[in-house]
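I opened my notebook to look through one chain from end to end.

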Amino acid sequence: MSFYNELEVLAIGEVVLEVDKMKDVVYFENKIERALLREHVSRSVLNRINDEIEDSSLTKDGYFYYLLGYLKFHLPNRSLEETLMTKKLFEKSIELDRKNPFTLYYLSFVFYDSMEYARAFETFSSIDNNYFVENDLKWRAHKVNEMIYCCQLSLSDNEKEFCGIISTAADFFIDLIIDENEENFNYPVDLISCIYRVVIKEKFNCKSINKICDLMKALELDEHYHLEFKQFQDSLTNY
């Protein structure tokens, strides 16, 4: 489901907008979607849409700040200053409207990408995944669960805890592969990359880590899919 369709789902039933305002919102949603679908979206294009939104007649409500935050979130090679502004825009959106789960979703990723793992964990955990499940966005609910595991792994400070989280996460996704159809399942790229990063950094060595081998086999990943998967597989042979 596209970004535009996701926002459309959000707007129906839960967010009541005046007809004129809805036309403006849909206009900007479409414009953002078209820009992001480009293979190499430029900063100038996103900045131009940002200026149009700021100069528009849209009410400066939670939805307004969400759109601006979403644009900033997708800026290529965001600077530290731009990342801080993205956080502020999403936080302002939440202050005005806590009913938009997408705001919490993207704010969580900003925290995670900034290595603020405690705040990322808290924010991801506050998302109502039932909303995504009930609105045909189960894959997004699974992504939230994946990122919660990533946060827990990044915050773990001992090998026993780390291996326990790996075991739980691997079982979760192996069961998911069996139960879900392809439409509802995304490869847990962030989880595998997180495990690889923490293993290399902390030099953890535990037998439970072989659970990830089972997960990777279940995913049937090819060597070319992601270099880190291959590197991670090779690193496991040393344990």
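My entries follow, starting with the ground rules and ending with single residues.

**Ground rules.** I am reading a predicted model, where local features need pLDDT of at least 70, side-chain atom pairs count only at pLDDT 80 or more, and totals for chains, interfaces and linings use all residues. Residues are numbered from 1 along each chain as its sequence is written, and side-chain values use heavy atoms, with hydrogens and water left out.

**Entry 1: confidence.** I looked up pLDDT, the predictor's confidence in each residue, from 0 to 100. The chain has a mean of 76, and 66% of its residues reach 70 or more.

**Entry 2: the overall build.** I counted elements as DSSP runs numbered from the N terminus: helices are H or I with at least four residues, strands are E with at least two. The chain has 13 helices and zero strands. Among contacts with a separation of 6 or more, 64% join residues 24 or more positions apart.

**Entry 3: inside and outside.** I wrote down that buried means under 20% relative accessible area, exposed over 50%, and partly exposed in between (1.4 Å probe, protein chains only). Of the 239 residues, 47% count as buried. The chain exposes about 12,700 Å², and carbon and sulfur atoms supply 49% of that area. These areas come from the Shrake-Rupley method with a 1.4 Å probe.

**Entry 4: a helix pair.** Two packed helices are described by the angle between their axes and the distance between the axes. I picked H3 (residues 43–55) and H4 (residues 62–73), which pack at about 170° with axes 10 Å apart. The axes are lines fitted to C-alpha atoms over the stretch in contact, and angles run from 0 to 180 degrees between N-to-C directions. So H3 is roughly antiparallel to H4, a label for angles over 145 degrees. On the H3 side I found Leu46, Ile49, Asn50, Ile53 and Glu54, and on the H4 side Phe64, Leu67, Leu68, Leu71 and Lys72. These divide into seven nonpolar, one polar and two charged residues. Ala, Val, Leu, Ile, Met, Phe, Trp, Tyr, Cys and Pro count as nonpolar, Asp, Glu, Lys and Arg as charged, and the others, Gly among them, as polar.

**Entry 5: Leu71.** Leaving out residues up to four places away in sequence, Leu71 touches Ile32, Leu46, Ile49, Asn50 and Ile53. I also noted that its C-alpha atom is 8.0 Å from that of Asn47, 24 residues apart along the chain.

**Entry 6: Arg140.** Arg140 sits in helix H9 (residues 138–155) and is buried, with a relative accessible area of 4%.

**Entry 7: two positive phi values.** Met115 is not a glycine, yet its phi is positive, about 65°. I found Met115 in the loop between H6 (101–113) and H7, exposed at 60%. Asp136, also not a glycine, has phi near 60°. Asp136 lies in the loop between H8 (129–134) and H9 and is partly exposed at 48%.

Terms used:
Contact means heavy atoms within 4.5 Å. Angles under 35 degrees count as roughly parallel, over 145 as roughly antiparallel, 65 to 115 as roughly perpendicular and the rest as oblique.
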